[in-house]
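Student: Hi, I've got a new model to look through. Could you walk me through it?
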Amino acid sequence: MGQSRIVRIATTSAAIAASALVSACGGGGGASTPPPPPTQVSPPPPPASQGPTWTQNVFEPASTFKDQCQSPRSGTDIEGNTFPDQAGSLIEEKLWLRSWTEETYLWNDEVVDQDPNGFATAQAYFDVLKTNAVEPSGEDRDDFHFSELTTDFLIRRNSFGNPGYGAEFAIIRGGPPRDIRVAYTEPNSPASTPISGVVPLPRGARILEINGQDIVNGFNTQAQLPALNELLFPSTSGENRTFLVQDVDGTQRSFTITTADITEKPVLTTQVISTGGGTVGYIAFNTFSPFASQEEIILAMRDMQIAGVDDLVLDLRYNGGGLLAVAAQTAYMIAGSSRTAGNDFERFIYNDDAGNLNPIDGTPNDPFPFFNTVLNFGVPLTTNQLSFGQFLPDLDLNRVYILSTGGTCSASEAVINGLRGIDVEVVLIGDTTCGKPYGFVPQDNCGRTYYTIQFQGANNKDFAAYADGFVPNNSSAVFGVKIPGCVVADDFTKALGDPTEALLAAALNYRLNGTCPANTVAPKTLVASKSGPDAAGPALETSAYYLRDVRDLRRPN
Amino acid sequence: MIRISALALAVTVLAACQHNGDDPVPAVLDDMSDATMQSLKSALAASLNKTGVRLADADLTQTSLVTVVPPPPGPLETRSTALPIEYRLLLAGDTCYAERSSTGERIDLPGVSCRAL
């Protein structure tokens, strides 16, 4: 690999140098001496072969093939960046994928080097550029390998809301008879705005029909699933949809709401709960993105600090992750300055060939600290109580209670792991987390954005092996990392933040006497917005995106 | 007494050195015209091997802190390493440049003029 790389660089440099010399000589003669007439010579014969070729286990630098496109784009993207595309070929697009995988994929030594000419498209070739290894639990080692059109990627990351009802659905049973419940609703959304004094889609409501279509027992073929997804996760705003739901008390109701562009509220609710043993703070934190999540979690933590809470229950049951920096800030605000000083929140493990560098961009492999200031992501702060660069509040706790489900994923798990890395006790109440210690930086090439796992996150003690999730200690699960806590089923009969809601109640009880409630076998729930450990296909996306694209609500019973 | 005088002299000399015209001092832009901002962004983008960058809102004629902000994470990025990157505008003699706060990397800024803060 190295020899081939050197040869190609040398050849390119020589060509550039030769070109520069020719250019310099040609430009230095002045205008007084006309150039000699061109000599009539025969054109050189065409090369024996056109373009680069594949040689097994010989990899040229990915940069050799980057942006060499069969159908180059021109102009600028919606973010104003000029497309870097140049005229190239399909084989160059595939060879870029192959070399990029070799350079950045976490398990690059487990990828079988196949001839790209055997694949009709770059996308099809990319699909095999991954490990086929299986974890001891039976799960595929790599569940997060996918691609999408760059136009779709850019639209999504720049949108200020996605069409929907403002309700997050929990898929308790994905196949008929389906059990789909409302997990929570966004404030001021169609789902939460009362109609005649009644909240249309309260937590726990079961979806029976939409527009007269039977959500429970209908849509029994694969071909019908897109229609089901469209009903549950509308792709356009401004459409009226008539629901039939069953409330937690068994009452059935019908109503009509209009889809709208929904912006997710990161911190859904907070509580300060007085108990016999002091005050306990509660924060329902549903996403570490977008950038505004930073401000919301800081203000929530500041309120907890002002309230003088003795303990904190951080509800991450529906938090599928987002910005690792905000996760690091969150951990800092829990643990405080003395426990975090000089320690790493997350260290990055790249493939064995990367050495001390981040192979994605060639920069030094620097860990993430426990960020302790307000970061400037370019989004104005909505309150003058905070300013960029200001030190964060902290609770200075040596223990935290985290509420979890299979939807507790990625950056959420980084909080758990990061705190454990500095000996802050994490008590996990709920269900096994999703098990995604991995990350990637999406990369565009020639109009398609590719996601391939590039790093694994380790804590300050270099622990990173939680691909089967963190598991409450009293679980019967064979795999996963068992940590203190209790298995408790998500309780859709109570509002989030209600001290009698089962997960929060279990945390409060555990805090007082160190015991778990009896008979709390948690059914695995696939939260629609985030993939659970048994979700097929791409992970970690919004509900509409995930289910629209995967097009399969069914899961093993 | 002699020791104290020597120390005071040394401090004075050191302070004088710090005001030497070639030592970098915090700086701000002379103007935020389109041309200046384009030059600034182009230089920073090139240093990051990007085709373009977005800067956080700031009056760079009043503050020397320049922040390159990351693009927002996409919905599939659940462990995004996106971070803002901070630079300080510095002036050494007549040369204006940006220094990356985390690494000390110096980025020359052709087409950008500064004044000492």
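Student: Which residues form one aromatic cluster?
Tutor: A:F348, A:Y350, A:F368, A:F371 and A:F455 do. Rings of Phe, Tyr and Trp (its six-membered ring) pair if their centres lie within 6.5 Å; planes under 30 degrees apart are stacked, over 60 edge-to-face and the rest tilted. Keep in mind that this is a predicted model, where local features need pLDDT of at least 70, side-chain atom pairs count only at pLDDT 80 or more, and totals for chains, interfaces and linings use all residues. Residues are numbered from 1 along each chain as its sequence is written, and side-chain values use heavy atoms, leaving out hydrogens and water.
Student: How many aromatic pairs over all chains?
Tutor: The count is 23. One of the pairs is A:F146 with A:F440, edge-to-face at 6.2 Å centre to centre and 90° between the planes.
Student: Are those two buried or exposed?
Tutor: Both A:F146 and A:F440 are buried, meaning under 20% relative accessible area with a 1.4 Å probe, protein chains only.
Student: New topic: which residue has its charged end over the ring of A:F59?
Tutor: That's A:R98, 4.2 Å from the ring centre. The rule asks for NZ of Lys or CZ of Arg within 6 Å of the centre and within 35 degrees of the ring normal.
Student: And what lies over the face of A:W96?
Tutor: A:K66, at 5.5 Å from the ring centre.
Student: Why is helix α10 of chain A largely enclosed?
Tutor: Because 9 of its 10 residues (411-420) are buried. Helices here are DSSP runs of H or I, at least four residues long.

Technical notes:
Chains lettered and ligands numbered in written order. Buried < 20%, exposed > 50% of the residue type's maximum accessible area, 1.4 Å probe, protein only. Helix = DSSP H or I, 4+ residues; strand = E, 2+ residues; numbered from the N terminus.
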